[in-house]
Amino acid sequence: MLRKTMAVCAVLCMVLTSAAQAQRRARRPRARPPVLGLKLLTGLSGEVEFDGTGPGFPDPLEFGDRARWDLDPSYGLAVELQFPQGRHLSLGGQLSLLRWNADRASDVGWNRNAIIALSFVPRVRVAANRRVDLYAALPLGIGRDQMDESWNAWLEDAFGLHIGVLVGIQYAAERSVFLLAELGYSLHSFSQDHQIWPGDVQVGIGQVVLDVGVAFGMN
């Protein structure tokens, strides 16, 4: 009799334990799936700063060891993958291509250069309502400034660092389709070899950015 009673109690304990675990799992919020984003990058007002260690720069640019030029509007594309880490944080990465030029360079017929960048992008987000999220992002990483042939007689290609600050809004158009827009500022920094005189040129590219895109939940 005692054995039967103990067996029944053991079975009841197992059933109750399983039910409690199932209830805890049901209460636990469902993890959000990763989100894959495709973005159109645009750069608005900004400057490129050259700080050279040589005796000067060649014609037709005609400026000395240090100069600041206004940037032409830039444009590019990016692919971003975000992994939600709870209600308010997500971590991700981004691969981007940005085409840029300076006004004085375009005036003398020099073409656009390309920055290929790989970024780590943490985000902090707040839900405004069921469909809208507001977020802030801090992209930072490494990039390569790929100089066009028209610039290549002056500066060599180089790797460098970049950092940015973005605020954005994401709208859930469908269950797993999101529209997004971002506004912020980005800064790229490169140390590039001078092609004519010995020494490096420190190149800093800072620009207000406006990005738009679409993202897909990877269910």
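How much space lies in the largest pocket? The legends below take up this point and others. The structure is a predicted model, in which local features need pLDDT of at least 70 and side-chain atom pairs count only at pLDDT 80 or more, while totals for chains, interfaces and linings use all residues. Residues are numbered from 1 along each chain as its sequence is written, and side-chain values use heavy atoms, without hydrogens and water.

**View 1. The largest pocket holds about 690 Å³ of space.** A pocket is an open set of points on a 1 Å grid over the protein atoms alone, where a 1.4 Å probe fits, with protein on both sides within 12 Å along at least five of seven lines; lining residues have an atom within 4 Å of a point. Volume is the space filled by probe spheres set on the points. Of 26 lining residues, Arg32, Pro33, Ala172, Arg175 and Phe178 are the closest to the pocket centre.

**View 2. The largest nonpolar core has 22 residues.** Such a core joins buried Ala, Val, Leu, Ile, Met, Phe, Trp, Tyr and Cys residues through side-chain atoms within 4.5 Å; buried means under 20% relative accessible area with a 1.4 Å probe, protein chains only. Val48, Phe50, Trp69, Trp151 and Ile205 have the most contacts inside this core. A second, separate core of 6 residues includes Tyr135, Ala172, Phe178 and Leu180.

**View 3. Alanine 215 is buried, because its relative accessibility is 1%.** Beyond its neighbours within four places in sequence, alanine 215 has contacts (heavy atoms within 4.5 Å) with residues including Val35, Ser176 and Phe178. Its C-alpha atom is separated by 9.7 Å from that of tyrosine 171, 44 residues apart along the chain.

Key. Buried < 20%, exposed > 50% of the residue type's maximum accessible area, 1.4 Å probe, protein only.
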